[in-house]
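Work through the exercises below with the sequence and the model at hand. Each task is followed by its solution.

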Amino acid sequence: MALLEIVTLPDPVLRRKARPVTDFGPSLQTLADDMIETMRQAPGVGLAAPQVGESIRLIVVEYPLDDEKEDAPKKLFVIANPEIREISAETEMGVEGCLSLPGLQGEVDRALEVRVTGRTRRGQPIKIKAKGWLARIFQHEIDHLDGVVFTDRATKVWKPAPDEPVLDNV
Ligand code: NI
């Protein structure tokens with residue numbers, strides 16, 4: 001496994017619509033492993049392939065399925081061609097940061113619950129129901145595949161003060 005360089009704005013790869021994954025062979029497996037390692041080292045709780053300069057529809061996320069339960073175990077998701085299929089009408093404001101926009105935070109209104117479909121790293125169909133922060137992470141990462149960053153959606157963006165709590169980056 002190898003650590004990859006995280007690209008930041010204004011790199012144009014972050015503004016491109018990424019292409020679907022069609023080949024689930026060794027190079028995708030290597031990219032997935034490298035993205036997991038890069039996300040963990042950053043540290044972050046999600047990473048999309050365009051953030052490491054690869055314009056393909058692949059995301060990795062590591063976060064508890066139910067973070068309302070104390071000590072809920074983290075779950076690792078590697079999803080190719082993720083799509084949001086259902087979205088709750090109910091939304092929630094939350095503060096986000098992004099590994100590709102270092103030094104910025106913003107308040108973003110996101111759906112509270114989403115249902116995501118896609119493929120596993122081996123090409124098997126997968127369906128995930130997510131709510132709260134996990135739902136937010138999926139929405140943030142899938143936006144990256146369409147060239148959208150959180151500041152496009154934020155109602156307020158600021159540079160955090162040194163004493164502001166450090167966020168989970170995505
Ligand atoms: Ni991000």
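**Exercise 1: the sheet**

Strand β5 (residues 105–111) pairs with β8 in the antiparallel sense over 3 bridges. The model is predicted: local features need pLDDT of at least 70, side-chain atom pairs count only at pLDDT 80 or more, and totals for chains, interfaces and linings use all residues. Residues are numbered from 1 along each chain as its sequence is written, and side-chain values use heavy atoms, with hydrogens and water left out.

Task: find the order of the strands in this open sheet and say which stand at the edges.

Solution.
1. Strands are DSSP runs (E, at least two residues; helices are H or I, at least four), numbered from the N terminus, and two strands pair if DSSP finds at least two bridges between them.
2. In β8, V157 is the bridge partner of G106.
3. The order is β4-β5-β8, with antiparallel pairing.
4. β4 (91–96) and β8 (156–158) each have a single partner strand, so they stand at the edges and one side of each is left without a neighbour in the sheet.

**Exercise 2: the aromatic pair**

Task: classify the pair formed by F77 and F138.

Solution.
1. Rings of Phe, Tyr and Trp (its six-membered ring) pair if their centres lie within 6.5 Å; planes under 30 degrees apart are stacked, over 60 edge-to-face, the rest tilted.
2. The count comes to 1 aromatic pair.
3. F77 and F138 lie 5.4 Å centre to centre with 70° between the planes, an edge-to-face pair.
4. F77 is in strand β3 (residues 74–87) and F138 in helix α2, 61 residues apart, linking distant parts of the chain.
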